[in-house]
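Hi,

Here is the structure I promised to pass on. Have a look, and my notes follow below.

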Amino acid sequence: MNIFEILREEHDNISKFVDEFETMAIDLMEKNEISIEEYTKAIEFIRVYADKTHHQKEEELLFKAMLETKDEMANNLVNHGMIVEHNLARLYVWELENALKAYQKEPTVKLKLAIVTNTMSYVYLLRRHIDKENRVAYPYGERLLSKEVIEKLNEQAKNYMK
């Protein structure tokens, strides 16, 4: 598998998670019950897999290589698009975690709203983000980067975080 196939496969896994994450928010609204344990596991999945494994692989390998070309479009796409969205996703998770901690101490409707809002903000952001990367960022990277650079990235991606 090449780097683009690896990243798209990770997107498939993240998309499945995002659907489950949305269901957790719906359950909270419909059943008025929250599983702190399930939310904690979800946050761990996001931080370990979606962010550390996937987003950092993009940032440290693919996006870095794209930026090294000094291509203006790549710079705009990466620095003013993809990285901004990665950081926004991190913010939603941070806000969600804070709301969960506060909710455990004092379960208020306002904190429940913060949990649902940050969950759904993450869900909506990731769905759009994955679509943009699959349809725009990755194809642009495939056209922009030389075969030699892509081959190097393929090897780095296979061994990333092992």
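How much of the contacts in the chain with a separation of 6 or more do residues 24 or more positions apart account for? Their share is 81%, where contact means heavy atoms within 4.5 Å.

Before the rest, a word on the basis: this is a predicted model, in which local features need pLDDT of at least 70 and side-chain atom pairs count only at pLDDT 80 or more, while totals for chains, interfaces and linings use all residues. Residues are numbered from 1 along each chain as its sequence is written, and side-chain values use heavy atoms, with hydrogens and water left out.

On the fold, you will find 5 helices and 0 strands, giving the pattern α-α-α-α-α along the sequence. Helices (H or I, at least four residues) and strands (E, at least two) are DSSP runs, numbered from the N terminus. The C-alpha trace spans about 55 × 30 × 20 Å along its principal axes.

As for burial, 43% of the 162 residues count as buried, meaning under 20% relative accessible area, with exposed over 50% and partly exposed in between (1.4 Å probe, protein chains only). Carbon and sulfur atoms hold 52% of the accessible surface of the chain, which comes to about 9,200 Å² (Shrake-Rupley method, 1.4 Å probe; for residues, only the protein chains shown count as cover).

Leu88 counts as partly exposed because its relative accessibility is 30%.

Happy browsing!
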